[in-house]
Amino acid sequence: MKITIVGTGYVGLVSAACFAELGHEVIGVDIDEAKVKKLKAGQSPIYEPGLEELLVRNLESGRLSFTTQLAEALPQCQVLFCAVATPPNEDHTADLRAVFSVCDAVAELIDHDLIFVNKSTVPVGTGHECEKRIASIVAKRKKKFHLPVISNPEFLREGSAVGDTLRPDRIIVGINGDEKARELMEELYQPLVRTERPLVFMSRESAEIVKYASNAFLATKISFINMLSELCEAGGGNIRDIAKGIGLDERIGPRFLHAGIGYGGSCFPKDVKALLAIGRKLDLPLPIIQATQDVNTHQRERFFQKLLNAIPENASIGIWGLSFKPNTDDMREAPSLDLIPMLLKMNHIVRAFDPVAMENAAKVLPKEVVYVSSPLEAAKDADAVILLTEWDVFRGVDLKELKAAMRGRALFDGRNVYDSDEIREAGFTYQGIGVK
Ligand SMILES: NC(=O)c1ccc[n+]([C@@H]2O[C@H](COP(=O)([O-])OP(=O)(O)OC[C@H]3O[C@@H](n4cnc5c(N)ncnc54)[C@H](O)[C@@H]3O)[C@@H](O)[C@H]2O)c1
């Protein structure tokens with residue numbers, strides 16, 4: 001099948017490479033010329049395990065190509081995916097300008113029938129809005145094409161995006177009664193359906209809501225365990241044991257019950273806030289979602305407060321991990337973005353190490369941050385080391401070497417990676433989350 005994917009970011013690029021891997025002919029379109037230049041040369045502009053290999057293989061096979069010109073990607077295209085960003089507006093609603101500009105451009109240029117698939121995360125009703133815009137522009141051109149807009153939200157996780165795309169838990173497709181669109185989507189996803197991946201059809205509105213509902217539910221699980229971590233700190237108890245104790249109940253499950261400094265990243269904070277904004281528009285308070293967000297903010301603040309209270313004036317601080325989670329270079333809504341500027345403002349010195357995100361971090365963090373090339377270098381002469389991202393490289397750090405490198409003894413574990421007893425026995429003061 002001939003596919004066009006507009007927007008080659010974390011979602012669009014991974015989708016493009018995976019659809020090509022599954023045998024489809026894919027053209028990726030992006031307005032970012034530098035990105036397209038890199039992609040054409042077989043270089044991934046983002047860090048995502050396994051992606052570059054797929055990119056190179058499918059460029060070589062001729063099934064995958066890239067352009068900045070939408071007009072070049074439209075002839076013969078049967079299915080067009082819109083995978084552009086939908087960042088938050090100031091009032092936390094989703095900024096749909098990029099989605100609408102893709103709709104408008106497609107409607108201006110198209111000269112045949114096409115299925116327009118919205119892969120971006122968009123509020124309920126956006127598909128309807130897109131369809132109206134496209135129909136109106138096509139009518140102004142005095143043309144008539146079959147151009148249904150359907151919803152196919154994306155659930156991949158950064159850091160395991162390739163595996164998630166090739167082996168998704170489910171594929172959700174929202175179509176309002178268009179048989180042709182349904183058949184094309186069945187054909188498109190047939191390679192995955194053959195491997196028993198569920199392809200679930202529903203209305204376009206339901207599919208749009210499923211995406212926000214999934215992220216909000218996962219964020220709620222995180223906030224739930226984080227809320228209990230505070231209870232453990234105040235009343236006794238170990239949050240790891242609580243998580244294990246409830247997670248072994250099959251109805252609850254163990255995943256997303258890991259206490260830490262709260263969720264970050266490009267999706268959870270934005271989608272939780274956007275869902276609340278959708279609720280406001282419809283005059284619905286959505287109280288559980290509001291509590292999820294409030295707990296997340298509180299969790300981060302109280303961890304920061306504890307460490308700010310504990311460190312000396314003009315301290316030297318080693319930061320371990322900058323990206324919002326391991327295995328990605330994505331800095332969006334990473335805790336490091338909140339903490340590091342605060343530390344620098346208070347005249348502390350910050351030495352930071354992250355295995356892949358330092359280049360991106362340097363673009364968004366104050367220039368005073370000193371970037372180094374190993375965990376121990378970040379810890380050199382530090383009064384305190386703060387683990388913000390649970391990259392594997394931090395798990396195996398030699399405690400004797402760490403002690404020798406540091407000036408102070410404080411270890412703040414924002415991800416509950418370490419065993420507190422072991423760390424204290426090695427001569428450190430330890431501050432985790434919901435653990436003694
Ligand atoms: N990142 C994730 O983990 C993830 C997971 C699931 C869903 N989503 C959703 O998918 C969507 C895309 O997210 P992302 O993280 O891939 O964004 P991104 O910012 O990484 O990529 C978006 C890309 O679109 C390009 N673009 C913007 N306007 C364009 C236009 N008019 N024409 C062509 N290209 C254009 C940008 O240059 C950029 O390369 C968002 O709605 C997001 O909420 C993201």
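1. A quick word on terms before we start: helices here are DSSP runs of at least four residues, numbered from the N terminus. With that in hand, K221 sits in helix α10, which covers residues 204-235. Please keep in mind that this is a predicted model.

2. Which residues does K221 touch, once neighbours within four places in sequence are set aside? The contacts of K221 are F256 and L257. For a sense of distance, the C-alpha atoms of K221 and N416 are 17 Å apart, while 195 residues separate the two along the chain.

3. Now to the domains. The protein splits into domain 1, residues 2-202, and domain 2, residues 238-436. Their C-alpha centres are 33 Å apart. The two domains do meet: 15 residues of domain 1 and 14 residues of domain 2 take part in the contact. On the domain 1 side, the touching residues comprise nine nonpolar, four polar and two charged ones.

4. Finally, the ligand. There are 26 residues around the ligand, and those that come nearest are G7, G9, V11, S120 and T121. Helices α1 (10-21) and α5 (97-109) each contribute at least two residues to this shell. What is the make-up of the shell by class? The shell has 12 nonpolar, nine polar and five charged residues.

Key
Residues numbered from 1 in each chain as written. Predicted model: local features only at pLDDT ≥ 70, side-chain atom pairs only at ≥ 80, totals over all residues. Contact = placed C-beta atoms within 7 Å. Near = placed C-beta within 6 Å. Nonpolar A, V, L, I, M, F, W, Y, C, P; charged D, E, K, R; others polar. Domains from an automatic or database assignment.
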